[in-house]
Amino acid sequence: MDHVKHTGGCHCGAVRFEVLTSPDLHVFHCNICTKKQNHHFIVPKSHFTLLKGLDNLTTYTFNTHVAQHTFCKTCGVQSFYTPRSNPDGYGVAPHCLDPGSVHSVTVENFCGEKWEESIQAHGSIRDMSKSASDTK
């Protein structure tokens, strides 16, 4: 798979990151996160670099507290987080990427209301936070 470097960040610019992944994004929409519009694609931690803003992030957790929902303290935007499905990776908000590096976006719904059943039924979500070298 060909990867490109995407850059992005929060609304106010206090948080900036870069992520290495395909220009064709596979985005998940979790129905339990409807109020906060948690659309995200998953990448391995090794493909994500926080460029600035660590001191400007705050974290919200709920339920199992595995997911770490990180937000900019200034503008409140969640540009990335640690998902419950993939605590060894990051969920990145595609709408927080800078223009120009995304070729296409495919959205897949995920039933967070029945999380345990949904994660078991999904064939590949857990592998999305593994880099190619992790799967060899």
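This is a predicted model: local features need pLDDT of at least 70, side-chain atom pairs count only at pLDDT 80 or more; totals for chains, interfaces and linings use all residues.

Entry 1. The cut-off for buried is under 20% relative accessible area.

Entry 2. I then checked phenylalanine 48. This residue has a relative accessible area of 8%, so phenylalanine 48 is buried.

Entry 3. I asked which ring forms an edge-to-face pair with phenylalanine 17. The partner is phenylalanine 80, with 6.1 Å centre to centre and 70° between the planes. I noted that planes over 60 degrees apart count as edge-to-face. Phenylalanine 17 belongs to strand S2 and phenylalanine 80 to strand S8 (residues 80-82), so this pair links parts that are 63 residues apart in sequence. I also noted that phenylalanine 80 is buried, as is phenylalanine 17.

Entry 4. I searched the whole structure for aromatic pairs and found six. One of them joins phenylalanine 17 and phenylalanine 48, which are stacked at 5.4 Å centre to centre with 20° between the planes. Strand S2 (residues 16-21) holds phenylalanine 17 and strand S5 (residues 48-52) holds phenylalanine 48, so the pair ties together parts that are 31 residues apart in sequence.

Entry 5. I looked up how these rings group. Phe17, Phe48, Phe80 and Tyr90 form one aromatic cluster.

Entry 6. Last, I asked what lies over the face of tyrosine 90. I found lysine 45 there, at 5.7 Å from the ring centre.

Notes
Residues are numbered from 1 along each chain as its sequence is written. Side-chain values use heavy atoms; hydrogens and water are left out. Rings of Phe, Tyr and Trp (its six-membered ring) pair if their centres lie within 6.5 Å; planes under 30 degrees apart count as stacked, over 60 as edge-to-face and the rest as tilted. Helices (H or I, at least four residues) and strands (E, at least two) are DSSP runs, numbered from the N terminus. Buried means under 20% relative accessible area, exposed over 50%, partly exposed in between (1.4 Å probe, protein chains only). A charge sits over a ring if NZ of Lys or CZ of Arg is within 6 Å of the ring centre and within 35 degrees of the ring normal.
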